[in-house]
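Student: I would like to learn how to read a structure of this kind with care. Could we go through it feature by feature?

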Amino acid sequence: MEKTISTSAAASPKPHRYRWLERIPLYVLVLMFCLVTAFPIYWMIVSVVQPVNLSLQYPPPLFPQAIDLKVFGEIFSGRESVGRVDIWIGNSLVLATLTTVFSLVLSIFGAYALAGRRWRGQGLFGLMLLMTQMLPEALIVIPLYATIDQLKLKDSFLTLALVDTAFVLPICIWILKNVFDTIPNEIRDAALVDGCNRIGMLWRIMLPIAAPGLVAVGVVAFFHAWNEYLFASSLISSRTMYTAPVGLGSMISMIDTPIDKLLGGGLVFSIFPVIFYLLVQRYVVAGLSAGAVKG
Amino acid sequence: MTAVAGVNTQLTKPTARRRRDYLPYLLALPIIIYEGVFILIPILQQFFSSFTSDVLGMGPVRWVGLDNYERMFADRYFWNSLRVTLVFMVGTVIVSVGAGLLSALLLNQRFRGRSVARAVMTLPWAFPDLPTVLIFYWILNQNFGVINVFARFLLPWLEQNPKWMFDINLAMPLVVFIAAWKAFPFYGLVLLSVMQSIPHELYEAATVDGASRRQAFRYVTLPELIPTLMLMGILACIFAFRQFVLIFLSTGGGPARATETLVISVYKTAFNSFDFSYGATIGVAGFAVVFAITLAFAFLQRRQEAAAGG
């Protein structure tokens, strides 16, 4: 996949020994980009691992002067004063697992419907998914809140998982459809000739081949729910049922929150999504741009 | 790829059974019902609610016809939120797609440490919203924020630390920066994958014809990129329009409504002022905007797919 076209190698008429000179601007630009993207994250890590009194100096040292990892123990100590990050992360795990299960099942249906032969209304179905994907959550939250409040379904991870699934489903379907589309027609036809019906073909042929796509869908759905703030903050009111983003968000406004604990919670919270998103990045990018890029 | 698959299925169609095929409908139905319950019905409720008066503690819900819409068009805060949305949208689209394009051009070169640079430049995209807010909340802190060190280094004549997020002139550029910081890797990755799919022969041909590197970019790379750039532009508009968490948690729409976009204004009208029907009315205006941009996206995408297939 890492097919590179080096325009410089192909088109540069200059002799070899001057080439590094004209590459200086390239390195400078790359370095600047990396600094701007990485510095905030670097700074977060530094502020967590160094003793908090160093972070509160002015000017703060740009490189950590001492390292103190006790903060991670304190975050999970369960003391109310540092927030209940331990409980909140557990809540987020439950919510994200439920959302993953719902999204996987429904996206297999949707992707299989979109990947096969064309049918009347397919375009409309695709447009419906696109609209859903583009819709701002903040515009839906009022009526959804009103209905869920009336039905007494607030403060439930099941409700929240169902809502999160509705919003993450379109991208899950696009991701899986893209993977289904790469399965050659010959394989499908061979399965049909061998006496598979189409559900059997989906189950025995398509899904095993599309396993990486299923993993990508799982990751996207899981971390959508893991990261989601708006619905979690409006549909959950009990503090012990907060999800991690809502809990951490509630700590911002409490002035006495020690900054290293707050950032430490944020760091612990971010590690898994960062690792997993980078792993399935290729599938997610293709699914998010919904057909703008192929493959 | 998809377009090619589409052509194949069309070729095999005449030999397949002609009877109506119900399987796709059976598969799509649960999803249509699901999205209907969670998306479509709430939209209709929102629409219905915009013709009523529904304010917490102000008696029963009443039908008021177009009153809310009259109020909205006369409301200077509504027009302010539209203006803020436009500024935020244009700002993030230019900065994030521009930075994405530049990063893709850089990563398309061959150089030492390229894969490391690529991973580093993808990080913000993988970083969740809430920790992003936490980071910048800390970096931009008026007293302890590390930004003050840089600001004083670059602008030594500063007498006191700026108020950053709480400064009426700085809040919007900062929010745009945060949103673009998080969004640009996505556009970069998409554009990079397009650049890497341009056949090598095109560059060789251009070199044979005596094109310089600049000309190769202008006449080979750019024409291949422009359709995707347009799609990314529209996508960036939509993502900017729906941006809630980054703005809401970092400035809350303030100071003095300087960053109060339309979606923030909808949320605050409903959940802070408890005026549900008026919030719904602004929401309907928001739906109209999203609907228009999405149709433009679908139209462009279809035209591009048709061009790729034919």
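**Reading a two-chain model**

Tutor: Let us start with a single side chain in this predicted model: a polar atom of the side chain of Thr52(B) lies 2.7 Å from the backbone oxygen of Ser49(B).

Student: Where is Thr52(B) found, and is it buried or exposed?

Tutor: Thr52(B) belongs to strand 1 (residues 52-53) of chain B, and because its relative accessibility is 3%, under the 20% cut-off, it counts as buried. Beyond its neighbours within four places in sequence, Thr52(B) is in contact with Val61(B), Arg62(B), Trp63(B), Val64(B), Asn68(B) and Ser277(B).

Student: How should I read the interface, and what is the area buried between chain A and chain B?

Tutor: The size of an interface is often given as the accessible area lost when the parts come together. Here the area buried between chain A and chain B is about 10,300 Å², with 75% of it given by carbon and sulfur atoms, and 109 residues of chain A are in contact with 111 residues of chain B.

Student: How many polar contacts and salt bridges does the rule find across the interface of chain A and chain B?

Tutor: The rule finds 11 residue pairs in polar contact, both residues being at pLDDT 80 or more, and 1 salt bridge. On the side of chain A that touches chain B, helix 3 (residues 24-49) of chain A supplies the largest share, 15 residues, and by class that side has 72 nonpolar, 25 polar and 12 charged residues.

Student: Which side chains meet in a salt bridge at 2.9 Å, N to O?

Tutor: They are those of Arg242(B) and Glu137(A). Over all chains the count comes to 8 salt bridges; in this pair Arg242(B) lies in helix 10 (residues 213-242) of chain B and Glu137(A) in helix 8 (residues 137-150) of chain A, so the pair joins two chains. Arg242(B) counts as buried at 16% relative accessibility, as does Glu137(A) at 14%.

Student: What does the salt bridge of Asp275(B) with Arg71(B) tie together?

Tutor: The closest N and O atoms of these residues are 3.0 Å apart. Asp275(B) lies in the loop between helix 12 (262-271) and helix 13 (276-309) of chain B, and Arg71(B) in helix 3 (residues 67-74) of chain B, so the pair ties together parts that are 204 residues apart in sequence. Asp275(B) is buried, at 9% relative accessible area, whereas Arg71(B) is partly exposed at 42%.

Student: Where does pLDDT stay under 50 in chain A?

Tutor: Where pLDDT is low, the predicted coordinates should not be read in detail. In chain A, pLDDT stays under 50 over residues 1-14, and it is also below 50 over residues 291-295, while the mean for chain A is 83.

Conventions:
Residues numbered from 1 in each chain as written. Chains lettered and ligands numbered in written order. Predicted model: local features only at pLDDT ≥ 70, side-chain atom pairs only at ≥ 80, totals over all residues. Heavy atoms only, no water. pLDDT = per-residue confidence, 0-100. Contact = heavy atoms within 4.5 Å. Buried area = accessible area lost by both parts, 1.4 Å probe. Salt bridge = Lys/Arg side-chain N within 4 Å of Asp/Glu carboxyl O. Polar contact = N/O pair within 3.5 Å; in protein donor to acceptor, adjacent residues only side chain to side chain. Helix = DSSP H or I, 4+ residues; strand = E, 2+ residues; numbered from the N terminus. Nonpolar A, V, L, I, M, F, W, Y, C, P; charged D, E, K, R; others polar. Buried < 20%, exposed > 50% of the residue type's maximum accessible area, 1.4 Å probe, protein only.
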